[in-house]
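Please keep the model open while reading.

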Amino acid sequence: MTALALTPVQPDEADIHAAVEALPHIKSYLAEHPDSVIRLVVADGPQETLEVPRGAVELLARVLAHMAAGQGVSVVPAHAELTTQQAADLLNVSRPFLIGLLDAGEIEYRKVGKHRRIKAQSLLAHMARDDQERREAADELTRLNQDMGLL
């Protein structure tokens with residue numbers, strides 16, 4: 001996987017507006033149509049119908065939600081293997097910090113010669129665990145503040 005594949009698409013104002021407009025329509029369609037294959041009609045030129053898997057349209061809805069919020073979006077296959085630098089960039093940490101997480105067993109990886117390779121799936125699982133731990137810590141701090149009458 002090249003670094004280019006991880007470069008997020010940053011939406012501009014026109015992209016954000018288009019995403020905001022399209023998102024409710026796609027969500028509504030998905031809610032009303034449980035089909036496993038969705039037919040899209042291409043409006044340009046002669047009318048053409050494309051059949052795409054439902055999962056692709058659901059993924060499109062997620063992409064549009066992030067774009068509508070002004071966030072950059074990247075698509076990384078779950079089975080992709082990342083270099084330590086790519087993984088560090090996705091976590092927004094330094095490479096040495098990531099190596100520490102790997103050596104501590106926080107994130108699964110494998111060695112290819114002297115180099116470490118991290119499955120995107122393992123990295124995403126770590127990110128989800130870390131987010132959950134942060135939420136729990138914030139909830140605990142809120143409870144403590146309430147118990148002490150500070151909130």
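Helices here are DSSP runs of H or I with at least four residues, numbered from the N terminus. The model is a predicted one.

**Second largest pocket**

By that numbering, H6 gives the largest share of the lining of the second largest pocket, with seven residues. Helix H4 (84-91), helix H5 (95-103) and H6 each supply at least two lining residues. The lining has 13 residues in total. Nearest the centre of this pocket lie Leu91, His126, Met127, Asp130 and Arg134. Its lining holds six nonpolar, one polar and six charged residues.

**Largest pocket**

The largest pocket is lined by 18 residues. Those closest to its centre are Val73, Ser74, Val75, Val76 and Leu124. H3 and helix H6 (120-147) each give at least two residues to this lining. By class, the lining of the largest pocket splits into 13 nonpolar, four polar and one charged.

The table sets out the volumes.

| Pocket | Volume |
|---|---|
| Largest pocket | about 620 Å³ |
| Second largest pocket | about 260 Å³ |

**Helix packing**

Two packed helices are described by the angle between their axes and the distance between the axes. At what angle do H2 and H3 pack? Helix H2 (residues 13-32) and helix H3 (residues 54-68) meet at about 140 degrees, and their axes are 8 Å apart. The crossing of H2 and H3 is left-handed.

Which residues make the contact? H2 brings Asp15, Ile16, Ala19, Val20, Ala22, Leu23, Ile26 and Leu30. H3 brings Arg54, Val57, Glu58, Leu60, Ala61, Leu64, Ala65, Met67 and Ala68. In this contact of H2 with H3, 14 residues are nonpolar, none is polar and three are charged.

Three strands make an open sheet, ordered S3-S5-S4, with antiparallel pairing. Strand S3 (81-82) and strand S4 (110-112) are at the edges. Each has a single partner strand, so one side of each has no neighbour in the sheet. S3 pairs with strand S5 (residues 115-119) in the antiparallel sense, over two bridges. What stands opposite Glu81 in S5? The residue opposite Glu81 is Lys119.

Key. Residues numbered from 1 in each chain as written. Predicted model: local features only at pLDDT ≥ 70, side-chain atom pairs only at ≥ 80, totals over all residues. Heavy atoms only, no water. Axes fitted to C-alpha atoms, helices over the stretch in contact; angles between N-to-C directions. Left-handed = near helix turned anticlockwise from the far one by under 90°. Contact = heavy atoms within 4.5 Å. Nonpolar A, V, L, I, M, F, W, Y, C, P; charged D, E, K, R; others polar. 1 Å grid on protein atoms, 1.4 Å probe; cavity = no way out; pocket = protein on both sides within 12 Å on 5 of 7 lines; lining within 4 Å. Points joined across faces, edges and corners; volume = space filled by probe spheres on them. Pairing = 2+ DSSP bridges.
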